[in-house]
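Dear colleague,

Here is the structure I said I would pass on. My notes on a few of its side chains follow below.

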Amino acid sequence: MNDAKGGQFDFAAFKRAFVAQDVASWAGFFENNAEWIEYKHSHPPHSPRRMVGKAQIEAFLSQVKASNIALT
């Protein structure tokens, strides 16, 4: 979600969606062709977890919400 005129990222809105785990609002920050690449100890750098497209990212965000993990 960028401001159409100035291209400014609305960090406050992103933070609210992130902390509240409001999946629809959170996913709204990603374009349809977005990519999420995640490097974790369980996925070495040569094999990162990769989600391509808003639908895959939104599904992942739903999993995050369902995990009951607190995000701050």
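Phe9 is partly exposed, because its relative accessibility is 41%, whereas Phe29 is buried at 12% (buried is under 20% relative accessible area, exposed over 50%, partly exposed in between, with a 1.4 Å probe and protein chains only). This is a predicted model, in which local features need pLDDT of at least 70 and side-chain atom pairs pLDDT 80 or more, while totals for chains, interfaces and linings use all residues. Residues are numbered from 1 along each chain as its sequence is written, and side-chain values use heavy atoms, without hydrogens and water.

There are seven aromatic pairs (rings of Phe, Tyr and Trp, the last by its six-membered ring, with centres within 6.5 Å; planes under 30 degrees apart are stacked, over 60 edge-to-face, the rest tilted). Phe9 and Phe29 form a tilted pair, because their centres are 5.5 Å apart and their planes at 55°. That pair links distant parts of the chain, 20 residues apart: Phe9 precedes α1 (11-20), and Phe29 is in the loop between α2 (23-27) and β1 (helices are DSSP runs of H or I, at least four residues, and strands of E, at least two, numbered from the N terminus).

Phe14 and Phe18 are stacked, because their centres are 6.2 Å apart and their planes at 20°. Both lie in helix α1, four residues apart, about one turn of the helix. Ring pairs join Phe9, Phe14, Phe18, Trp26 and Phe29 into a cluster.

Glu38 is in strand β1 (residues 35-38). Leaving aside neighbours within four places in sequence, Glu38 contacts Pro48, Arg49 and Phe60 (heavy atoms within 4.5 Å).

Regards
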